[in-house]
2 protein chains.
Amino acid sequence: MSVNVAVVGATGAVGQEFLTVLAERNFPIKNLKLLASARSAGKTATFNGKEYLIEELTKDSFKDVQIALFSAGGSISKEFAPAAVSAGAVVVDNSSAFRMKEGVPLVVPEVNPEAIHKHNGVIANPNCSTIIMNVAVWPLYKVNKVKRVIVSTYQAVSGAGAWGLYELEAQQKAFAAGQPILKEKFPHQIFNNVFSHNSKVADNGYNEEENKMVLETRKIFGDPKIMITATCVRVPIPRAHSESINVEFERPITADQVRQILSKAPGIKIVDDPANNYFPMPLETSNQDLVYAGRIRQDISRDDGKGIDLFVSGDQIRKGAATNAVQIAERLV
Amino acid sequence: MSVNVAVVGATGAVGQEFLTVLAERNFPIKNLKLLASARSAGKTATFNGKEYLIEELTKDSFKDVQIALFSAGGSISKEFAPAAVSAGAVVVDNSSAFRMKEGVPLVVPEVNPEAIHKHNGVIANPNCSTIIMNVAVWPLYKVNKVKRVIVSTYQAVSGAGAWGLYELEAQQKAFAAGQPILKEKFPHQIFNNVFSHNSKVADNGYNEEENKMVLETRKIFGDPKIMITATCVRVPIPRAHSESINVEFERPITADQVRQILSKAPGIKIVDDPANNYFPMPLETSNQDLVYAGRIRQDISRDDGKGIDLFVSGDQIRKGAATNAVQIAERLV
């Protein structure tokens, strides 16, 4: 069964990746509609070797569309998703607009695929850092309930959008040419620097990205009591987010047990070779769909055997966004 | 009172910084002797605007030397520090050779200055990541005992030596010129990448850098029971290490209390401005001596009020090495 698919935000970093992933996975597309702002309308994009005209997104764009993949920011989703649903489409939304709304499934297919079918027209795709963490922590949670997670991230610039990548590259090239390093959209120079994630800091002292990791994980796991603290940090790399994760379990667990569980879990690859100092790295996790997990070891800051430290890395544009959304759409058709 | 000072490893990253810091702080030097391997002997280095000939390090190098600052690696320290001590010098050693040895004080002057005077000829300078963490955690520990620390680091390439910086820069320039990116001494490409710290992984699954942070902190704090787990990671920046630190206290504590304690603590600067998303960054902590602390917030993964998250950054060649050693030497004279 083929379906009519619309991609909203077709010119963005995630929108472009939607096209790559849909083609790679042979998604059963009858008609493909590429939608973007008036500014991008009239440009073209390539899908499966064929050129498609990008049309301006309007509330009338969704006639006969069955699946609409949105990734054009929260305000666009809020404005246009209802029109898509009215026209009969199911929206898979990559923005944060509906994620925490009751009645909207928030889905990582490796974790809670059953939630997909409880939708009322909109299914939300979680935050990228949340997805990458959840793919690694959920298989463990199922075997030995996770009580607490302490996570620190190493996030790529393209998580902020395609402009993040342009800004890093411009600064890299300016440095090499001995020219002044200009900062444009990021609040601070990212080249040769590291800074706290560039999202608004809420009253609890956590920034939006960190609060998403906490609240979204609770919804996806269906466990409002799991305790999480996150520190989200940008690092000067183009792509793929990494996370240093400390996990506290209900019962004792060993590093070998964790390795065994994760080696059979979906969406994960174990890269854990201490002898060669070879562990998950964003350079290797970019442009592919698996979450790499390594540095798996007993937490030596506890004497009850209930702690594990690990380090994970995954492509935040693919599994952290486009691939996860397309996996959801695959289960819809 | 002026003293005769020898710098061992005068051509290295820390050795060069010794000269800068000694000059900046007007260290009372009578005669300065610069020592290095035969390969560097005959070259010159500048101190206080004056050129000094670098001499070859031998066991006879320490006649009349009163203070010897060593930073040429553990094997050089093991071989030559005894000769310096025999000649009557006090050695302040930046290598890991003697740090955990009984009878050798391991000192962060902001934490345990009293230990300096218990030396038997050698005083050890702690690991850079340890020093930066300890400067921030100790003032809190004194007020409300710290039971457990979970730390993830963001470490600069120059922590590996001056060659780390050359390697990053060479890769940055190759990228900008469209040339192949060559990896030389690091086990993996560092440009546009992040990798687990390039030190040997021990049997407990932790690498040397991580085990140093645990064991050295216990010795410096004089608390063999403080529980610590660390994940040490290299990021593609030239200088200054940052650390995401989760602290568990014996009793409840608030973010405001932490801010107040640290604002009065020696060697720390609070940089904690959520409204402007402005927090400690290596770009700003490079080439100065303070440890910057920010992102100070209650740990929302606990409901007993006993947790705090914070993010710190400091120059690992200055406070993490040269400055700390010179501060020790200052207290000796």
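**Figure 1. The interface between chain B and chain A in the predicted model.** About 5,100 Å² of area is buried between chain B and chain A. Carbon and sulfur atoms give 57% of this area. The size of an interface is often stated in this way, as the accessible area lost when the parts come together. Chain B contributes 61 residues to the contact, and chain A contributes 61 residues.

**Figure 2. Salt bridges and polar contacts between chain B and chain A.** Six salt bridges are found across this interface. One of the salt bridges joins R295(A) to E210(B). In this pair the closest N and O atoms are 2.7 Å apart. Sorted by class, the side of chain B that touches chain A holds 29 nonpolar, 22 polar and ten charged residues.

**Figure 3. Helices α3 and α8 of chain A.** Two packed helices are described by the angle between their axes and the distance between the axes. Helix α3 covers residues 128–143 of chain A, and helix α8 covers residues 318–332 of chain A. Their axes come within 8 Å and cross at roughly 85°. Angles of 65 to 115 degrees count as roughly perpendicular, so α3(A) and α8(A) are roughly perpendicular to each other.

**Figure 4. Residues in the contact of α3(A) with α8(A).** From α3(A), the contact is made by C128(A), I131(A) and V135(A). From α8(A), K319(A), G320(A), A321(A) and N324(A) take part. By class, this contact has four nonpolar, two polar and one charged residues.

Methods: Residues are numbered from 1 along each chain as its sequence is written. Chains are lettered from A and ligands numbered from 1 in the order in which they are written. This is a predicted model: local features need pLDDT of at least 70, side-chain atom pairs count only at pLDDT 80 or more; totals for chains, interfaces and linings use all residues. Side-chain values use heavy atoms; hydrogens and water are left out. Contact means heavy atoms within 4.5 Å. Buried area is the accessible area (1.4 Å probe) that two parts lose on being put together, summed over both. A salt bridge is a side-chain nitrogen of Lys or Arg within 4 Å of a carboxyl oxygen of Asp or Glu. A polar contact is a pair of N or O atoms within 3.5 Å; within protein, one must be able to donate a hydrogen and the other to accept it, and residues adjacent in sequence count only if both atoms are side-chain atoms. Ala, Val, Leu, Ile, Met, Phe, Trp, Tyr, Cys and Pro count as nonpolar, Asp, Glu, Lys and Arg as charged, and the others, Gly among them, as polar. Axes are lines fitted to C-alpha atoms, for helices over the stretch in contact, and angles run from 0 to 180 degrees between N-to-C directions. Helices (H or I, at least four residues) and strands (E, at least two) are DSSP runs, numbered from the N terminus. Angles under 35 degrees count as roughly parallel, over 145 as roughly antiparallel, 65 to 115 as roughly perpendicular and the rest as oblique.
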